[in-house]
Amino acid sequence: MDTHIKIRNLSVRYAERVVLDNINLEIPRQQITVIMGPSGCGKTTLLKGINRFLELVDDAHVSGQVLIDGQDIYDPGVDVTEIRKNVGLLAQRPYSLPMSIYDNVAYGMRIHQMYRNGPEMDEKVQHYLEEAGLWEEVKDRLHKPAVALSIGQQQRLCLARGLAVNPAVLLGDEPTSALDPISAQHIEQRLIALKQEYTIVLVTHILRQAKRLADYVIFMYLGEMVECGPAQQVFERPQQERTRAYLAGQF
């Protein structure tokens with residue numbers, strides 16, 4: 001396996017409550033890795049540990065290592081801004097910025113001084129809207145407010161905005177849970193296409209979605225990593241009793 005992310009002895013607690021307990025695993029490059037498990041098992045905490053978003057949570061204490069291409073993102077000398085640029089996050093609900101569709105996509109590229117305004121920026125905005133599967137729907141209203149889009153279109157706009165800063169890893173925290181079925185299908189199709197270029201790590205509570213999307217699976221339960229491996233192996237020949245019980249719908 002071509003490993004992109006290595007997690008070593010990662011533990012997280014909020015105040016005195018342990019949320020993740022000594023997690024060790026590896027995440028493959030340019031595949032869709034799905035983190036699954038019942039509510040409250042630590043899925044989102046594990047996801048946010050991969051881009052240091054846990055530091056934004058009050059009373060969160062993190063120990064262990066998360067290595068991306070061999071670099072420990074928790075090393076004191078690491079630039080947190082650069083880490084979060086390199087590891088994008090698509091949240092449960094879309095958060096479009098209070099500006100135009102065009103400016104939403106251009107925002108990160110301007111902040112990081114990646115391109116100048118003008119034809120080059122226009123080309124990049126179009127490219128990332130195409131990658132998110134939104135260009136044909138918005139190309140005639142790029143300078144209209146983003147909030148006028150449907151919630152499904154706003155989620156794809158957030159995807160385009162995240163891709164525009166050229167991350168290597170894309171995280172998704174139940175990115176289709178707030179969407180209607182057609183919009184959810186659009187997002188799923190884009191993620192499948194995008195794994196050719198990006199390492200994608202998704203949290204989902206929907207087993208059917210995990211089976212549709214996953215190349216690699218991590219099963220979490222009560223803060224522990226119970227089982228991980230290629231999707232076909234975990235779904236068809238799970239090694240752990242708790243995994244078998246979850247897949248059978250027993251909890």
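Begin by selecting residues 101–111, which form helix α3, and find Val-105 within that helix; helices here are DSSP runs of H or I with at least four residues, strands are runs of E with at least two, and both are numbered from the N terminus. The model is a predicted one, in which local features need pLDDT of at least 70 and side-chain atom pairs count only at pLDDT 80 or more, while totals for chains, interfaces and linings use all residues. Residues are numbered from 1 along each chain as its sequence is written, and side-chain values use heavy atoms, with hydrogens and water left out.

Is Val-105 buried or exposed? Val-105 counts as buried because its relative accessibility is 0%, where buried means under 20% relative accessible area, exposed over 50% and partly exposed in between, with a 1.4 Å probe and protein chains only.

Next, select Tyr-128, which lies 23 residues from Val-105 along the chain, although their C-alpha atoms are separated by 7.6 Å. Leaving aside neighbours within four places in sequence, Val-105 is in contact (heavy atoms within 4.5 Å) with residues including Tyr-128, Leu-129 and Leu-157.

Now turn to the sheet, an open one of 6 strands in the order β6-β7-β8-β3-β9-β10 with mixed pairing; two strands pair if DSSP finds at least two bridges between them. Select 87–90 and 224–230 to see the edge strands β6 and β10, each of which pairs on one side only.

Finally, select β9, residues 216–221, which pairs with β10 in the antiparallel sense over 6 bridges. Within this region, pick Val-217, whose bridge partner in β10 is Gly-229.
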